[in-house]
Amino acid sequence: MLDDSNDTIVALATAAGRGGVGIVRISGNKATAIAQQLLGFLPKPRYAHYCPFMDDNGQQVDEGLALLFVSPNSFTGEDVIELQAHGGPIVLDILIRSAVSLGARLAEPGEFSKRAFLNDKLDLVQAEAISDLINSSSEQAARSAMRSLQGAFSKQVDSLFEGLIQLRMFVEAAIDFPEEEIDFLADSDVLQRLDLVQAQATELLNNAKQGALLSEGIRVVIAGKPNAGKSSLLNALAGKDSAIVTDIAGTTRDVLKEQINIDGMPLHIIDTAGLRDSEDSVEKIGIERAWDEINQADRILLVFDASTHNVSDLNDLWPEFMDRLTHKKHVSFIRNKIDLVEDKSPQMLTDDYPLLSISTKQQSGLDTLRQHLKECAGYDSSSEGMFTARRRHLEALTKAKDCISAGKDVLISHNAGELLAEELRIAQEALSQITGRFSADDLLGEIFGSFCIGK
């Protein structure tokens, strides 16, 4: 536990603003004493009591439901009191200030979930799933976050973790008892065990990639020359008029962002200023911001006007765009305004880059584009039992998978048991960071600092 784990904390557990109900949550060893002062009695654990709420001076400020959860049978594992008051900011602020004056302090972001983790009420993946569930942008993402909260992801990580432990025990026993006549490292059982954990790590990583797409989605930047139809494409994908569309070149001068869902996968769509040489100082700033977004994108839709550029003229776009591009393999060419040309081919491929034909005016080719974006992301909406995951999980799983592969290579090529054992140790350590079996304080601060206050 951290040094401040004995503090009693208080926060608003519902969204800020006005509403029918607002919940004030208090957790810690002073929670019951504070409840006694604010309510005039100590509630029966796990029962809802309708009663008056007082401030720290004993004056009634509201009435509502009070619930007491006694340690260890609470979300945080500590004594927890929840006051369900009317959702007016003034009333809720009085209750919070009164709790503070009676010995509590204001909770930090995610501190309730952090205490639940520190008190072994849930692991790190489950704690993160709470935030994912709250921030879900689709029904599928919410259901997947719930599966993570119930431990679906953690169980798979733990299974791989235990497999590594068993393998390490086998390998290190062979190292510790070299006088045995049997060469345990040459035994086919070691390779079979390695193959098993390698396949398990690969499958888990693939599943986690799907979960990360559900949780975080991908960044798609729409780029191109002025008047190519970039803003029209943003509006068409978003299903509303988010961007101003005119025939005047340079209408879009700043970055415009929208979020949509394609079969449950969040898509962060970013419209940018038209790329050209400009003397306008405002437009120049917009173009620089466009390049910042382009070089951070997971996918770039390079839009061009089909009525002014033939398919055979794609190379004309490269000098001003492709030469400056950081991730050239992330580009899809979008041939817009095909309603103005005779060649309305729905989809073709260049040697290196996808080329799709659309008309934002006639809403044609957009379904093909949506499917293309799913394929670029590697998203499979039909996956059963999907759970949410984050980029840090992918990094840890990738490291574990790579270490297992490296250990297998050194065993086959050099029969090096010590090197295999070290690779397996590093893989196990990487996995332990996912669920929190091993977690540095700065990692915990980064994770829980992104939570809402009161969660």
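Helices (H or I, at least four residues) and strands (E, at least two) are DSSP runs here, numbered from the N terminus. What you're looking at is a predicted model, where local features need pLDDT of at least 70, side-chain atom pairs count only at pLDDT 80 or more, and totals for chains, interfaces and linings use all residues. Residues are numbered from 1 along each chain as its sequence is written, and side-chain values use heavy atoms, with hydrogens and water left out.

Let's start at helix 1, residues 31-39. Its buried residues (under 20% relative accessible area, 1.4 Å probe, protein chains only) are A31, I34, A35, L38 and L39. They sit on the same side of helix 1, because they cover an arc of only 115° around the axis, taken from the directions from the helix axis to the C-beta atoms. Among the elements covering them are strand 2 (19-27) and helix 2 (89-101). Just after helix 1 comes G40, with a positive phi of about 85°.

Now for the nonpolar cores, sets of buried Ala, Val, Leu, Ile, Met, Phe, Trp, Tyr and Cys residues joined through side-chain atoms within 4.5 Å. The largest has 33 residues, and F153, L194, L397, L420, L431 and I434 have the most contacts inside it. Helix 6 (152-176), helix 7, helix 11 and helix 12 (417-435) each supply at least two of its residues. Leaving out residues up to four places away in sequence, L397 touches F153, L204, L205, A208, L431 and I434, where contact means heavy atoms within 4.5 Å. Another core, of 27 residues, lies apart from that one and includes I269, L301, L356 and L373.

Definitions and conventions
Buried means under 20% relative accessible area, exposed over 50%, partly exposed in between (1.4 Å probe, protein chains only).
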